[in-house]
Amino acid sequence: HQLQLTTALTLEENDLEQAGAYANLGDSYEAIQNYLEAVKNHEHHLLLSQKAQNELLQIRALGSLGRAHRGLGSIRKALGYFQQRLKLSREIGDEYIEAECYADIGSIYMLLRDYMQASEAYTNQLDIAKRYEDCFSEALASCGLGEVQYRLGNYPDAIEHHLYDLDVSTQNELLDGKARAFGNIADTYEAMRDYHSAIAYREKQLSVADTLRDPYIRAVAFMGLGKTYLHVGDFQQAVSLLKQALGLIVRPNGYDTGEKRIDIEVEAKIRFYLGQAFYHIGHHNDSMVCLQKSLPLFEQLRDNIGHYDHSSKQTLELLPILYQTLICVLVKLNKVEEALEMAERERNRALVEYLLERDVNRPSMKDCGLMKPFAPRSSWIQEAINTIHCPVLYYCIALNHVFIWLLHPKTGIVQFKRVDMTDLALSNTSDNASIFSENSSTYV
């Protein structure tokens with residue numbers, strides 16, 4: 001494509017040739033996730049297509065710019081380009097492209113958590129899909145509407161939309177769509193704590209996945225079923241199912257470029273749920289291993305959240321629970337220094353999430369190192385305490401426990417205390433009692 005562009009630039013008067021060359025080069029950069037270069041090329045692509053007054057090339061450029069800015073994490077800029085693309089597709093009367101625009105706009109509003117606008121976009125997509133009997137777009141629009149209602153907590157309405165997705169997918173023999181719909185219905189029943197119905201739909205999803213013989217879809221189905229059994233409290237069954245899911249998704253020799261975006265997310269979730277299951281049955285070493293392997297996957301996912309859809313953003317909502325569980329596991333294994341390091345790592349995560357929620361410019365955050373995974377060492381914390389020449393009380397709250405470290409200059413951790421907040425609420429301990437009782441773990 002670089003050669004094509006070089007050749008096209010020699011044809012000074014041929015704007016269409018140059019626009020097409022920039023478009024292809026921009027698409028190539030997008031494919032390798034170099035979104036800054038993709039934006040530069042598609043901006044040339046857009047200017048040349050506007051100069052040539054070619055509406056279809058302009059529509060292509062606007063869509064490409066929207067995707068590239070989403071990849072950079074510039075969500076509102078992406079929305080602006082998708083809205084321009086929608087306006088132009090209306091002007092030329094191409095409703096197929098218009099439906100695509102509504103799908104993109106709906107996904108952006110989901111990322112922004114503007115669910116009413118997302119619902120409007122998906123409804124418009126659905127209306128066009130019905131009019132043109134586009135079953136694929138119709139199923140996806142119904143799925144989108146179901147996810148909107150799920151996020152709003154309107155679970156009966158969510159199930160209704162997902163059942164419509166299931167009906168369209170069944171009638172048109174869209175097996176991927178059937179598996180997706182079964183999984184979404186199960187998720188909704190799970191949120192309603194109707195675990196019997198959730199398990200029934202998970203098993204239907206697994207049956208479709210077996211028919212497709214697709215290891216990814218089978219892994220997702222096994223993961224979903226394992227997650228539901230985790231909620232039910234059947235932790236042994238959850239471990240068995242999640243191990244099967246992990247065996248299907250793990251790539252011993254690493255990931256290809258095309259696999260990273262999906263498989264890393266799924267593997268992160270499987271290891272997270274498996275770690276939770278091991279924790280509940282008291283296999284703390286196994287839990288620690290699973291959670292420690294899932295943590296860099298979640299952090300990698302967070303670093304690339306811009307080019308993911310809203311479901312990936314939902315996945316990152318598990319990250320605080322992962323940190324908290326890992327802190328509890330480390331404490332149970334008497335690894336209190338490692339638990340302190342993990343507590344500080346969680347504190348850094350909270351800061352990054354705070355900035356991301358406020359749409360702070362992602363490239364700027366990367367430039368100052370905020371997006372880089374932060375793995376503090378207890379020795380660093382100790383060095384900071386040594387400079388202030390006084391004891392420090394460090395605490396964190398994790399899974400209904402308060403963990404407290406008392407650190408002295410030079411000597412490090414001298415006392416550690418774990419308090420169950422439930423027990424604390426029920427106790428009649430005197431207000432004057434020390435938090436460091438004789439039952440505290442003490443290190444000299």
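In this predicted model, Leu56, Ile59 and Arg70 of helix H4 make contact with Ile97, Asp104, Ser107, Ile108 and Leu111 of helix H6. Sorted by class, the residues of this contact are five nonpolar, one polar and two charged. Arg70 on the H4 side and Asp104 on the H6 side are the charged residues, since Arg and Asp both belong to that class.

Two packed helices are described by the angle between their axes and the distance between the axes. Helix H4 covers residues 55-72 and helix H6 covers residues 95-111; their axes lie 12 Å apart, at an angle of about 15°. Angles under 35 degrees count as roughly parallel, and H4 and H6 are therefore roughly parallel to each other. Their crossing is left-handed.

H12 passes H13 in a left-handed crossing.

The residues that H12 brings to this contact include Pro215, Tyr216, Phe222, Met223, Tyr229 and Leu230, along with Arg218 and Lys227. On the H13 side, the residues in contact include Phe235, Leu241, Leu242, Leu248 and Ile249, as well as Gln237 and Gln244. By class, the contact of H12 with H13 holds 15 nonpolar, three polar and two charged residues.

Technical notes:
Residues numbered from 1 in each chain as written. Predicted model: local features only at pLDDT ≥ 70, side-chain atom pairs only at ≥ 80, totals over all residues. Heavy atoms only, no water. Left-handed = near helix turned anticlockwise from the far one by under 90°. Helix = DSSP H or I, 4+ residues; strand = E, 2+ residues; numbered from the N terminus. Contact = heavy atoms within 4.5 Å. Axes fitted to C-alpha atoms, helices over the stretch in contact; angles between N-to-C directions. Parallel < 35°, antiparallel > 145°, perpendicular 65-115°, else oblique.
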